[in-house]
Amino acid sequence: MANRSPEQDLIEQFVAHLAQHKDETLKIATVINSNCKSKKFADVEFKSLTNLHWVIEAKSDASKDKYNTVHKIFGELLKETGRTNRSDCRHAILIPESAVQFYSRAFQSIDREKFLGFGRLVPIDTVFTSSTTGVGQLTWESLYDAYKP
């Protein structure tokens with residue numbers, strides 16, 4: 001499809017996995033948004049079976065501007081914290097499982113303590129990874145530390 005984006009493909013894969021997930025804090029009860037082009041919502045927003053409100057920004061290293069996605073993650077997360085309906089939600093990012101090393105290496109150009117401080121400021125609950133086989137989770141800190149030069 002001409003208008004498909006790597007982020008939208010990632011989102012659809014992720015949502016399909018969470019629809020079947022065993023963990024009720026992650027299993028989707030209600031999808032609020034699953035469209036990377038939305039102006040009113042995060043790329044993925046849903047309520048879990050335990051009524052947790054997840055707000056997730058998706059980025060992919062398969063996009064044409066993959067190096068710019070590294071920087072966009074910060075802006076997108078900050079934008080989400082500025083919305084008025086964000087007092088009781090979990091913030092996260094979603095990246096392809098295969099992109100962990102790419103993002104980790106890119107983030108390591110940032111001072112580690114400043115990077116970790118940003119993760120506390122937002123706060124980022126988890127980093128989701130998705131692949132054809134399922135969903136994984138990392139901490140913000142372990143994403144930074146994943147790349148070993």
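**Close-ups of a sheet and its helices**

**View 1. Six strands make an open sheet.** In this predicted model, the strands line up in the order E1-E2-E3-E4-E5-E6, and their pairing is mixed. Who sits at the edges? Strand E1 (28–34) and strand E6 (134–138) do, and each of them pairs on one side only. Look along the sheet and you'll find that neighbouring strands are turned by 25° against each other on average, direction ignored.

**View 2. Strands E2 and E3 pair up in the antiparallel sense.** Here we zoom in on E2 (residues 44–48) and E3 (residues 53–58), which are joined over four bridges.

**View 3. Helices H2 and H4 pack together.** H4 is made of residues 112–121, and its axis is 11 Å from that of H2. The packing angle is about 25°, and an angle under 35 degrees counts as roughly parallel, so H2 and H4 are roughly parallel to each other. The crossing of H2 past H4 is left-handed.

**View 4. Here are the side-by-side residues where H2 meets H4.** Which residues make the contact? H2 brings Phe-74, Leu-77 and Leu-78, while H4 brings Phe-115, Phe-118 and Leu-121. Sorted by class, that's six nonpolar residues, with no polar and no charged ones.

Conventions. Residues are numbered from 1 along each chain as its sequence is written. This is a predicted model: local features need pLDDT of at least 70, side-chain atom pairs count only at pLDDT 80 or more; totals for chains, interfaces and linings use all residues. Side-chain values use heavy atoms; hydrogens and water are left out. Two strands pair if DSSP finds at least two bridges between them. Helices (H or I, at least four residues) and strands (E, at least two) are DSSP runs, numbered from the N terminus. Axes are lines fitted to C-alpha atoms, for helices over the stretch in contact, and angles run from 0 to 180 degrees between N-to-C directions. Angles under 35 degrees count as roughly parallel, over 145 as roughly antiparallel, 65 to 115 as roughly perpendicular and the rest as oblique. A crossing is left-handed if the near helix is turned anticlockwise from the far one by less than a right angle, and right-handed if clockwise. Contact means heavy atoms within 4.5 Å. Ala, Val, Leu, Ile, Met, Phe, Trp, Tyr, Cys and Pro count as nonpolar, Asp, Glu, Lys and Arg as charged, and the others, Gly among them, as polar.
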